[in-house]
Amino acid sequence: MTGTSTHAGDGVDLVVRTSGSAYNRWVDLEEITVRRCFTVRVSTESRSREDPHAVDCPDGPALAFAPPPEPPRLPGEELRAALPRVPRDGRVDEAGVRRALAALDLDPGIRTEVKSDRGRVGVVLVVEAAEGDHVDPRDCLLARVVPGATEVWVPPRIQRMPGEGGCTVANALDPAPPAH
């Protein structure tokens, strides 16, 4: 592998090593293993249907990477306990909600958003998805503080899918109805 970023310079060149085996039935029953290597460039200039180029296979074992770190846990119970309870005839204070969030000392991998609207405060906590993950549901937690009620919930899976808008502060303020 060469390069450091798909978006910088010439991008990243990867050598892809593949192998296959079969038995040579015409000569004897000896197993034959064939190894082939190709180089693929990934950059902002790459074309999706570009054919890879054959190259000599590098010596040594293939690169091994550690598994990605576990995503941070969303603190549902802690958030529920920390958010203010406002009496029915009271006023919701956005600054107080922000202070409660700050006191939770959230993992840097959790993005937060807070918004006030018509006497209510909505909160969303989202675990940032792995880069390029456009198929898995997002991990998020919504909260709403209104006079007389403080709610914390996880939207349904279908609403957490990419592009569905379930993990937004707008959905915290005005929850979308459950899917069909």
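Is Cys 57 buried, partly exposed or exposed? Cys 57 is partly exposed, with a relative accessible area of 23%; buried means under 20% relative accessible area, exposed over 50%, and partly exposed in between (1.4 Å probe, protein chains only).

The close-up views below show a predicted model, in which local features need pLDDT of at least 70 and side-chain atom pairs count only at pLDDT 80 or more, whereas totals for chains, interfaces and linings use all residues. Residues are numbered from 1 along each chain as its sequence is written, and side-chain values use heavy atoms, with hydrogens and water left out.

**View 1. The disulfide of Cys 37 and Cys 57.** The sulfur atoms of Cys 37 and Cys 57 lie 2.0 Å apart, a disulfide being a pair of cysteine sulfur atoms within 2.5 Å. The torsion about this S-S bond is about 110°, so the disulfide is right-handed. Cys 37 belongs to strand β2 and Cys 57 to the loop between β3 and α1, so the pair ties together parts that are 20 residues apart in sequence. Helices (H or I, at least four residues) and strands (E, at least two) are DSSP runs, numbered from the N terminus. Cys 37 is buried at 3% relative accessibility.

**View 2. The open sheet with strand order β1-β2-β3.** This sheet has three strands with antiparallel pairing, where two strands pair if DSSP finds at least two bridges between them. Strands β1 (12–23) and β3 (53–55) are the edge strands, each pairing on one side only. On average, neighbouring strands of this sheet are turned by 35° against each other, direction ignored. Axes are lines fitted to C-alpha atoms, for helices over the stretch in contact, and angles run from 0 to 180 degrees between N-to-C directions. Strand β2 (residues 31–42) is joined to β3 by three bridges. Cys 37 has Val 55 of β3 as its bridge partner.

**View 3. The disulfide of Cys 140 and Cys 167.** In this disulfide the sulfur atoms are 2.1 Å apart. With a torsion of about -75° about the S-S bond, the disulfide is left-handed. Cys 140 lies in strand β6, and Cys 167 in the loop between α3 (157–160) and α4 (169–173), so the two cysteines tie together parts that are 27 residues apart in sequence. Cys 140 is buried, with a relative accessible area of 0%, and Cys 167 also counts as buried, at 8%. The count of disulfides comes to two; with the bonded cysteines of the protein chain numbered in sequence order, the pairing is 1-2, 3-4.

**View 4. The hairpin of strands β6 and β7.** Strand β6 (residues 139–146) and strand β7 (residues 149–153) run antiparallel and are joined by five bridges. Ala 143 has Val 152 of β7 as its bridge partner. Two residues lie between the strands of the hairpin, and Gly 148 in the turn has a positive phi of about 95°.

**View 5. Salt bridges of Glu 77 with Arg 80 and of Glu 78 with Arg 73.** Side chains of opposite charge can pair when their charged atoms come close. A salt bridge is a side-chain nitrogen of Lys or Arg within 4 Å of a carboxyl oxygen of Asp or Glu, and the structure holds eleven of them. Glu 77 and Arg 80 meet at 2.9 Å, N to O. These two residues are three residues apart in helix α1 (residues 76–82), so about one helical turn separates them. Glu 77 is exposed at 58% relative accessible area, whereas Arg 80 is partly exposed at 30%. For Glu 78 and Arg 73 the N to O distance is 2.5 Å. Glu 78 is partly exposed at 34%, while Arg 73 counts as exposed at 57%.

View 6. Arg 120 is buried, with a relative accessible area of 13%. Its side chain reaches the backbone oxygen of Leu 173 at 2.7 Å and makes a polar contact with the side chain of Asp 174 at 3.0 Å. A polar contact is a pair of N or O atoms within 3.5 Å; within protein, one must be able to donate a hydrogen and the other to accept it, and residues adjacent in sequence count only if both atoms are side-chain atoms. Not counting residues up to four places away in sequence, Arg 120 touches Lys 115, Val 145, Val 146, Leu 173 and Asp 174, contact meaning heavy atoms within 4.5 Å.
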